[in-house]
Amino acid sequence: MANFYTDNDDIRFLFRHYQLRTLADLMEGDYSDAQKYDSAPENADDAVDNYERILDVIGQISGDNIAPRAEGIDLEGNHLNDDGTVTLSQGMQENLKDLGQADMMAFTLPHRFGGLNCPNLVYTMSNEIVSRADASLMNIYGLQGIGETINAFATEEQKRQWLPGFAEGEFTGAMVLTEPDAGSDLQAVKLRADMDADGNWYLNGVKRFITNGCGEVLLVLARSEHDRAGGLGLSMFVCGRGPTVKIRRLENKMGIKGSPTCEMVFNNTPCDLVGERRRGLVEYVMSLMNGARIGIAAQSLGISEATYRIARDYGSSRVQFGTPIENFPAVRELMVGMKMEIEVARSLSYEACWNVDHENYVLIKLAEGIEDKDKLKEFKQASKRLKRINGMMTPLSKYYASEMCNRVTYDAIQVLGGSGFMKDYACERHARDARITSIYEGTSQLQVLAAVRGVCGTGEKYLLEKEEFPYPAEVKDLLDILKAGREKMTEAIAFVKAQPGTEYMDLAGRRLCDVAIMLIVSHLFLQQSVAEPKWNDAFCQSDKDGRNAYQELKKRKSIIANKYIRTNEAKINMLLDDIMRGDRSTITEYALIAGDVPEL
Amino acid sequence: MAYNIVVLAKQVPDTKAVTGKAMNDDGTVNRSALPAIFNPEDLNALELALQIKDDNPGTKITMMTMGLPSACEVLRQGMYRGADRMILVTDRRAAASDTLATSYILSCAVKKLGKVDMVICGRQAIDGDTAQVGPQCAEKLDIPQITYVQELLDLKDQTITIKRSVGAGWEKVQCQLPVVLTVLDTANIPRPVAARKMMKFKKAHSAMELAKADKADLADALKAKGLLIEEWNLDHIEADLQWCGRDGSPTKVNRIQSVVLAASGHKKIEPTEQGLRDMIHELIEDHTIG
């Protein structure tokens with residue numbers, strides 16, 4: 001009996017650290033759905049109680065059912081049939097059946113379509129829990145943004161056609177975007193969408209590297225305006241699986257082998273336009289970005305948590321030189337490094353979710369229409385502010401979590417030594433699964449590119465807001481370190497902005513993002529170490545023996561905050577000093593250092 | 001064809017979570033130190049019932065348990081997975097019932113339900129491991145029983161065909177409904193809780209639970225929503241009191257011993273065919289295995 005939620009103290013701690021009642025209010029509004037749907041909550045407490053029960057259920061399914069199947073799924077992979085259909089591995093079919101029966105496949109959809117109407121923060125917690133059990137399952141479970149996109153932009157009729165199927169566990173979806181010549185650069189998409197005389201749309205062309213392309217609901221980005229190159233010629237279409245959609249090839253991958261990565265051929269496939277023409281990429285795909293980035297961050301967290309636990313077990317039981325190896329400082333350094341990095345990524349990602357949930361709410365309200373002028377102004381301002389913050393926080397989360405995942409899976413194998421290199425331990429699988437996380441849904445380099453403008457624009461303001469938190473006097477010396485870091489970051493940003501062109505900003509991007517992450521997470525840790533719980537259940541109350549789980553974890557966080565802030569003080573200075581040296585040799589001396597650049 | 005199924009479930013202390021505090025000084029179980037859970041094989045019984053319901057639309061599953069109001073949790077857990085009705089059989093006069101009295105009381109309650117096609121329960125409960133209640137219920141209901149159910153092979157109209165374990169092999173058994181089935185933990189993997197049903201039925205309570213929480217006034221509102229757990233007492237099920245509780249329980253506990261296993265010394269087994277053979281022989285001799 002394993003439960004990947006209840007055995008994870010950090011997630012349980014953060015569940016109580018965030019004011020989930022606020023998110024419940026955003027999701028449920030006036031709670032009038034409770035009159036119509038008997039599973040809808042009656043008030044905020046009811047909703048938060050549901051959230052935790054849902055996490056408990058998915059924790060149990062992940063621990064008891066999904067995790068034991070992961071190795072078999074990795075070995076078996078998926079099967080491409082002669083008729084262009086795909087048969088998922090046995091274990092994956094069972095996983096999807098379990099998740100469907102548990103009502104988990106419409107996690108964030110509204111009650112009226114059979115969804116659980118949970119905020120992104122809770123969905124992200126569940127996504128990490130599922131990924132810990134099997135990273136490749138996340139590639140299907142974590143594609144629930146497809147339902148969200150339909151819910152946000154499709155017609156009522158389309159919603160009714162597609163959404164209940166997700167809730168019933170009958171449908172899974174695919175985002176059909178990438179093509180052989182349109183990877184990171186989606187503006188180059190070529191797949192044709194043509195309308196016949198009766199106004200019906202048809203798709204023709206090839207898509208590649210499509211995760212779960214064999215799913216039942218396909219959201220396809222296609223060129224509907226043939227006289228227009230670039231992103232504004234693209235529209236979004238929805239279609240089902242059928243004889244005109246064939247899977248031509250299943251990719252043979254390094255990791256996440258349970259997830260079918262498809263090359264697809266559309267041959268006069270009937271489809272429906274979603275939303276308006278020409279807004280496919282620029283609006284609808286972009287709206288998916290926050291969720292997609294956080295999804296990969298959650299997957300990275302799950303993989304890291306799984307592999308860290310194996311390393312910890314091994315380190316505490318493997319005896320060499322007469323003692324468990326984790327008694328050696330060099331191994332302790334690896335363990336503490338892994339554990340802290342995981343918690344950094346988790347805090348950063350949850351903070352991003354918190355803001356995304358607020359932005360989603362504001363966008364929905366604006367789309368519904370607000371009559372009151374002052375209120376409209378207020379919402380528009382909030383929308384702008386949150387868009388800026390999320391434009392920085394979601395790529396930072398994805399960048400940090402995925403890179404962290406690669407480091408942690410590397411270090412876990414290091415702890416296991418020769419055994420880690422063998423397939424006997426799941427660490428080997430985790431390392432293979434980890435590798436894609438910093439590549440897909442935008443490489444780390446693209447995340448940095450997306451985030452650095454945010455860091456240079458809104459970063460300082462965001463940190464100033466964080467400094468306004470009512471910290472107690474005893475953390476003043478830590479706060480002073482953070483203030484000094486923020487001031488120096490501002491100085492470095494000014495330096496970068498003063499350089500001609502944007503090239504130097506891109507060159508300094510990774511270093512600036514690293515500094516921003518350290519400063520933001522320092523505040524998050526510090527807040528976690530001083531704030532009282534917002535959800536006061538048994539976990540936060542003292543038991544018969546006077547033990548209080550929440551308070552113990554809070555105390556632990558103060559040690560972590562202290563360590564994190566003091567360790568990074570020197571790193572932040574080093575990175576910023578380096579940026580302010582203004583060294584451009586990576587660009588100017590490229591041919592000299594890397595070798596001559598061949599002409600294309 | 002639609003069937004009426006009763007699933008008998010028991011709330012038990014989680015014996016897998018045993019800690020140093022699990023036993024009282026007098027050798028009895030310290031129930032407060034162990035989390036109360038749905039008896040694992042009763043979940044397999046419920047799963048079998050749910051599979052029958054999946055294949056036979058219109059089938060109704062009634063969850064029934066006997067115990068204190070706190071046992072309502074297993075009834076709710078049953079509803080979270082897809083059961084249709086909850087009945088708590090509870091009565092102070094049923095306290096200290098052994099398996100004979102328990103099966104008598106449960107059989108009276110099942111009779112009260114009217115026409116029932118199948119009574120399904122787990123093979124045994126992890127707190128007593130007797131495996132007696134299911135078979136005794138069948139005897140008292142005077143209907144056939146198939147124990148150690150591994151697989152439902154066929155169910156057509158009023159005929160059921162079952163594969164049952166006989167330890168070292170299988171037996172294929174067929175009989176007419178109604179029948180009592182006791183199900184093994186290897187028969188299936190119980191389905192997970194369905195979140196939407198959980199969000200609804202977490203609010204289901206029995207009148208005694210409400211009274212304890214000082215919320216007795218909510219009973220009517222819950223009833224209107226189908227969320228009031230039915231409570232049946234011994235009068236309601238027309239049980240003869242002489243067969244219930246302590247009076248109806250011939251089992252007398254003579255002595256409870258707290259056995260502490262302590263390792264004393266170790267023995268080296270040679271890693272040879274002969275060494276292994278000797279070890280197995282010794283284990284069979286002292287009844288550790290076999």
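Guide: Keep in mind that this is a predicted model. Let's start with a helix pair: helix α15 (residues 444–467) of chain A packs against helix α16 (residues 476–498) of chain A at an angle of about 165°, and their axes are 10 Å apart.

Visitor: How are α15(A) and α16(A) oriented to each other, and why?
Guide: Angles over 145 degrees count as roughly antiparallel. That's why α15(A) and α16(A) are roughly antiparallel to each other. Their crossing is left-handed.

Visitor: Which residues of α15(A) and α16(A) meet?
Guide: From α15(A) come Cys456(A), Glu460(A), Leu463(A) and Glu467(A); among their partners in α16(A) are Lys483(A), Arg486(A), Met489(A) and Ile493(A). Sorted by class, this contact has 5 nonpolar, 1 polar and 5 charged residues.

Visitor: How do I read a nonpolar core?
Guide: In soluble globular proteins, nonpolar side chains tend to be buried together. Here, the largest nonpolar core has 246 residues, and those touching the most other members include Val220(A), Phe237(A) and Ile105(B).

Visitor: What does Ile105(B) touch?
Guide: Leaving out residues up to four places away in sequence, Ile105(B) touches Met66(B), Val89(B), Ala94(B), Ser97(B), Leu234(B), Ala239(B) and Cys244(B).

Visitor: And what is chain B built from?
Guide: Chain B has 8 helices and 12 strands. Of its 290 residues, 39% are buried.

Key:
Residues numbered from 1 in each chain as written. Chains lettered and ligands numbered in written order. Predicted model: local features only at pLDDT ≥ 70, side-chain atom pairs only at ≥ 80, totals over all residues. Axes fitted to C-alpha atoms, helices over the stretch in contact; angles between N-to-C directions. Helix = DSSP H or I, 4+ residues; strand = E, 2+ residues; numbered from the N terminus. Parallel < 35°, antiparallel > 145°, perpendicular 65-115°, else oblique. Left-handed = near helix turned anticlockwise from the far one by under 90°. Contact = placed C-beta atoms within 7 Å. Nonpolar A, V, L, I, M, F, W, Y, C, P; charged D, E, K, R; others polar. Core = buried A, V, L, I, M, F, W, Y, C linked by C-beta atoms within 7 Å. Buried ≥ 20, exposed ≤ 12 C-beta atoms within 10 Å, placed from the backbone.
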